[in-house]
Amino acid sequence: MKDGIDKTLPSRTRLGTRPKGDPLLDGCTPWPEEFAARYREAGHWRGETFDRLVRAWARAHPHRTALVHGERRLDRAELERSADRVARRLAGLGLRAGDRVVLQLPNVPEFFTVFFALQRLGAIPVLALPLHRRSEIAHLCRLSQAVAYVVPDVHQGFDHRELAAEVLKECPELRHVLVAGDPGAHLPLDGPGTDELPPAPDDASEVALLLVSGGTTGLPKLIPRTHDDYAYNVRASAELCGLGPDTVYLAALPVAHNFALGCPGVLGALYAGGTAVLTDEPDPDAAFALIARERVTTTALVPPTARMWAAATHWGEADLSSLRLLQVGGARLLPEHAAQVRAAFGPVLQQVFGMAEGLLNYTEPDAPEVVVLHTQGRPLSADDEIRIVDEDDRDVPPGTTGRLLTRGPYTLRGYYRADEHNASAFTADGHYRTGDLVRRTPTGHLVVEGRVKEQINRGGDKVAAAEVEEQLVQHPAVLDTAVVPVPDDLLGERTCAFVVPVPGATAPGRNEAAAFLRERGLAPYKIPDRIETLDALPVTAVGKTDKKALTTLARQLSAEGSRRTEGNPRS
Ligand code: OOB
């Protein structure tokens, strides 16, 4: 062993130290060696693997509470033991280092026991969101060639075992479905395993997890995150946010999402020696009771939930005095809404502008009020490189709005197995094109002004227009379609689909379109909120669908719709 790298282990998932031309987890793009060396020298990349981390946490404070869920409490030693048990179970089923496993669990302790079990084996979790359905899951299984899929039994009224049965039919490489809870026709997560585990892989430059991108094209993309880069993401976030042993982090957003997982999230709380409380009920009644009971210090919300919480402080009597940091991100928080949240909770508000692809921006916990209300924060790392450019990739003058490009020690260099998409999603010198329109203030804080990517941000849930269009056009009565955002008071945006019917046919209405898309297995938040019928889609001078014109039209129709509703409250 040299530099913590066990040369006897398969090297196919190593990143960063790879000799030229040696494919890692095939389909990943390593950081060029000069960058990897710089990030190590700077102390960002420390060779920590998540398996070593969970063991170190258990050794340092075995009886400190790691996870709380309802009445269940797991201390750090129990977390490590449960992860080992699941690792032996998975190894007994034949899982090996480098295998991919689609992990679709809600905010329950099993998410982390499975996550760390996979880290123990060097297998790679693909973090599906709880609301993903057949369309997304089958795609993620195929793309990652997953050998196993881990689900809850029933979650929020939805039977994931039935979903898994459908996915199994579509994905021949999927060998096992494991259920946390009543397994039905599948395998229980708790079950017999092997006695002996192989040595844990120890190369931190390997891929530790695959995150799902919000997407802009037809199907979701996967984002490889290495141990080195993600551990840095978590550690630097925890430091900036002032987390420590007294931190009690409430995960009210899905922990499969980067924000609640690692920014600093549950992993940051554990890293700092604190505790994470898991819940799937972000509504103020349930969450406020949990905050009071567990003396929660830190949590992360999307803007619509933050506004609901702020409104609820006016009539609730819960004791929220333990709260020291309220992170809001995932979608634009308007200054007036930021002011409402700050007025309701005090100077604990932090804006976070982040992405699963990497780059994170935070307003500092001690930032002046004007910065917290009016900006989306400053890049986390001194080595985050930011460029703000025009459509020809030329830098815009300081303070001007432009397209945000970035590269750095925790920002991907390429999506997983997506060569063609990568050619346009990155510049030749490795900057990721975020698709966001930003400007930079003299203090270096970014203000998000809009975006150029064809994505609708439904209160933090990302909807790729192209993905919905590709599904909707399969409807027998739909000739053509285009999906655009419409402004919404609560969610910021909702989706509007324009449809052109096949000649002689009647275009589907909203209910029929929704039923059709559900039947095709699309996640519920991607189902269009409005459907409008047109004879033809407007086109630009070069013959492309004119999304700008459609966005304006959708805005007008929705404003007219709400005026009509105001005039006739029963309509
Ligand atoms: C977070 O990650 P994703 O991958 O779901 O979405 C990233 C995109 C950004 O490119 C941007 O378009 C939008 O979401 N976004 C914001 C924002 N935060 C994210 N737009 C305006 N204001 C903000 N504060 O959403 C995410 C990941 C880690 C931490 C926080 C959010």
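The side chain of Asp229 makes a polar contact with the backbone nitrogen of Thr226, at 2.7 Å; a polar contact is a pair of N or O atoms within 3.5 Å, where within protein one must be able to donate a hydrogen and the other to accept it, and residues adjacent in sequence count only if both atoms are side-chain atoms. This is a predicted model, in which local features need pLDDT of at least 70 and side-chain atom pairs count only at pLDDT 80 or more, while totals for chains, interfaces and linings use all residues. Residues are numbered from 1 along each chain as its sequence is written, and side-chain values use heavy atoms, with hydrogens and water left out.

Asp229 sits in helix α7 (residues 227-240); helices (H or I, at least four residues) and strands (E, at least two) are DSSP runs, numbered from the N terminus. At a relative accessible area of 1%, Asp229 is buried, a word that here means under 20% (1.4 Å probe, protein chains only). Neighbours within four places in sequence aside, Asp229 is in contact with Trp31, Trp45, Pro224, Pro409 and Tyr410, contact being heavy atoms within 4.5 Å.

Over in α3 (residues 76-92), the 17 residues reach 24 Å from first C-alpha to last, close to the 24 Å expected, which is 1.5 Å times one less than the number of residues. Helix α3 is mostly covered, with 12 of its 17 residues buried, including Arg76, Glu80, Asp84 and Arg89. Asp75 caps the N-terminal end of α3, with a side-chain oxygen 3.1 Å from the backbone nitrogen of Ala77. Just after α3, Gly94 takes a positive phi of about 100 degrees.

Then there's the ligand. Of the 20 residues around it, His257, Val352, Asp436, Lys453 and Lys462 come nearest, where a residue counts as near if one of its heavy atoms lies within 4 Å. A polar side-chain atom of Lys453 lies 2.7 Å from an oxygen atom of the ligand. On its own the ligand has 600 Å² of accessible area, and the protein covers 96% of that, as computed by the Shrake-Rupley method with a 1.4 Å probe. Two or more shell residues come from each of α8 (258-262) and β16 (349-355), and β16 gives the most, with 4 residues.

Methods: Buried < 20%, exposed > 50% of the residue type's maximum accessible area, 1.4 Å probe, protein only.
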